[in-house]
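Hi there,

Here is the structure I promised you. Have a look at it first, and then read on for what turned up.

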Amino acid sequence: MSDLTELNERMQKSLAALTNELSTIRAGRANPHILNDVTVDYYGTPTPLNQAANISVPEARMLQIQPWDASLIKEIEKAILVADLGLTPTNDGKTIRLVFPELTEDRRKELAKDVKKKGENAKVAVRNIRRDANDDAKKQNKDGEISDDELSNIEKDIQDATDKYIKEIDQAIDDKTKEIMTV
């Protein structure tokens, strides 16, 4: 680890990855991010769905997908079914609708556990980054590149950054859990 900027960048990436993962977990409300990983065969080229269609949220628990090219309706339906999102698309010839069912209490608890697990994985990633940074600092100290006082200050800065990102991860977990458990 050359400096604290790199450390912060790596920890920020871990937080961003968690945030992205959490955005794909559906909490009973329609969320266009659930379709981020869906690709459709657009004239022989795998294309992200959001680049082949307009995705809107006309109601709290419904997504509406309007393809730029009406001939894509069947391909989009097939791609959504293959993505195994737990949603069944319905189409009227021009648009596809995805209705999000109400989540049962058991399913909410299951999703909350999944959120907590993803959060723990992100915390482990941040702690691994901390360990690598501390190892680098100790090596620099051993090689005589930095003094014991500098090592102590660097370790404190590394711990402060770690605490900051762990707190942000906890906040993201809490926010998503509240969203899931809210009926």
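How do α1 and α4 lie relative to each other? This is a predicted model, and in it helix α1 (residues 4-23) and helix α4 (residues 148-181) pack at an angle of about 10 degrees. Angles under 35 degrees count as roughly parallel, so α1 and α4 are roughly parallel to each other. Their axes are 10 Å apart. On the α1 side, the residues that meet α4 include Leu 4, Leu 7, Met 11 and Leu 15; on the α4 side, Ile 158, Ala 161, Tyr 165 and Ile 169 are among them. The residues of this contact divide into 11 nonpolar, 3 polar and 3 charged.

Next, take a look at helix α2 (residues 73-82), where Ile 73, Ile 76, Glu 77, Ala 79 and Ile 80 are buried. Seen down the axis of α2, these buried residues fall within an arc of 165 degrees, so they line one face of the helix. They pack against the strands β1 (39-42), β3 (53-59), β4 (62-67), β5 (89-91) and β6 (96-99). Lys 74, Leu 81 and Val 82, on the other side of α2, are exposed. Just after this helix, Asp 84 has a positive phi of about 55 degrees.

Finally, there is 1 aromatic pair. The rings of Tyr 42 and Tyr 43 have centres 5.0 Å apart and planes at 50 degrees, so the pair is tilted. Tyr 42 is partly exposed, with a relative accessible area of 25%, while Tyr 43 is exposed, at 65%.

Enjoy exploring!

Note on methods: Residues are numbered from 1 along each chain as its sequence is written. This is a predicted model: local features need pLDDT of at least 70, side-chain atom pairs count only at pLDDT 80 or more; totals for chains, interfaces and linings use all residues. Side-chain values use heavy atoms; hydrogens and water are left out. Axes are lines fitted to C-alpha atoms, for helices over the stretch in contact, and angles run from 0 to 180 degrees between N-to-C directions. Helices (H or I, at least four residues) and strands (E, at least two) are DSSP runs, numbered from the N terminus. Angles under 35 degrees count as roughly parallel, over 145 as roughly antiparallel, 65 to 115 as roughly perpendicular and the rest as oblique. Contact means heavy atoms within 4.5 Å. Ala, Val, Leu, Ile, Met, Phe, Trp, Tyr, Cys and Pro count as nonpolar, Asp, Glu, Lys and Arg as charged, and the others, Gly among them, as polar. Buried means under 20% relative accessible area, exposed over 50%, partly exposed in between (1.4 Å probe, protein chains only). The arc is that of the directions from the helix axis to the C-beta atoms. Rings of Phe, Tyr and Trp (its six-membered ring) pair if their centres lie within 6.5 Å; planes under 30 degrees apart count as stacked, over 60 as edge-to-face and the rest as tilted.
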